[in-house]
Amino acid sequence: MTTPGIHFLDARGPEGMRIYAVGDVHGRLDLLAAMYRRIAAEIRQARPADWRVIHLGDYVDRGPDSKGVIDFLIEVRKRDPRHLMLAGNHDIGFLDFLDSPDPDGLFIRYGGIQTAQSYGVAINEGGGAWFGRSDAALRQGHAALVEAVPKSHVEFLQSLPFSLTFGDFFFCHAGIRPGIALESQSTQDLIWIRDVFHNHSGLHPKIVVHGHTPVPEAEVMVNRVNIDTLAYQTGNLSALVVDGADKRILVVSGERG
């Protein structure tokens, strides 16, 4: 029997639990801290019976302070386990680079230079793909970064799950492959999928809350919500707030990148 899909208007969070799902941070510690101040103020005022803050991944690359973002998230998770973090493709790409310095990998080509800088390591870029692929400079930069990244940061990134479910909502970084059961989704799709997911107009078993693909403002569809508002460049970090049947978008703004 096919499970009937959920329409966004009908979707509900768990009874008595307020959820904040936060989009891609990409090294913008300033916006992350501002979002936490807003969330903390709302929780103090509303005093929900329970709450969760869920991050959808992509904590590193492109923005100026990936190290600071990871430090921040480690601390808040340690302080209260109701802060939950998922893996994004950039977070996995960072781990991949630390394991093996691919000159054409995601890290080097899409913002890892800024991540390395946040750890005090300079890796020469060379304009797009790496110039001089056998150059010792890449190996030296990689070795320096491996030395600079605390073990706690590696363990944090390795610990991140790829999806979470609360109430009528399914949270992941990129999206799902339509027609595949939520519990059977591949990790590759959960952190990388785009077109086949975005172009699907039918309902899913749950509302998929995701980031990964930047949009000018949070995109609320009948079957999914995209809250990646290109924070590192626009200065706008967005979150979906779910409280029972009530749903809204929360945005904090700062300087453009």
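## Strand β9 and its partners

In this predicted model, Ser-238 has Val-251 of β10 as its bridge partner. The two strands concerned, β9 and β10 (residues 246–253), are paired antiparallel through eight bridges. Together they make a hairpin in which two residues separate the strands. Gly-244, in the turn, has a positive phi of about 65°.

β9 also pairs with strand β1 (residues 17–22), again in the antiparallel sense, through five bridges.

## Burial of β9

Strand β9 spans residues 236–243, and six of its eight residues are buried, so the strand is largely enclosed by the rest of the structure. Buried here is under 20% relative accessible area.

## Nonpolar cores

In soluble globular proteins, nonpolar side chains tend to be buried together. The largest nonpolar core in the model has 44 residues. Within this core, the members that touch the most others are Leu-73, Phe-94, Leu-145 and Phe-156. Helix α1 (residues 29–46) supplies seven residues, the largest share of this core. Another core, of 20 residues, lies apart from the largest one. Its members include Ile-6, Ile-19, Ala-21 and Leu-86.

## Contacts of Phe-94

Leaving aside residues up to four places away in sequence, Phe-94 touches Val-60, Ile-70, Phe-107, Thr-115, Tyr-119, Leu-145, Val-149 and Leu-157. Leu-145, one of these contacts, is also among the residues that touch the most other members of the largest core.

Key. Residues are numbered from 1 along each chain as its sequence is written. This is a predicted model: local features need pLDDT of at least 70, side-chain atom pairs count only at pLDDT 80 or more; totals for chains, interfaces and linings use all residues. Side-chain values use heavy atoms; hydrogens and water are left out. A nonpolar core is a set of buried Ala, Val, Leu, Ile, Met, Phe, Trp, Tyr and Cys residues joined through side-chain atoms within 4.5 Å. Buried means under 20% relative accessible area, exposed over 50%, partly exposed in between (1.4 Å probe, protein chains only). Helices (H or I, at least four residues) and strands (E, at least two) are DSSP runs, numbered from the N terminus. Contact means heavy atoms within 4.5 Å. Two strands pair if DSSP finds at least two bridges between them.
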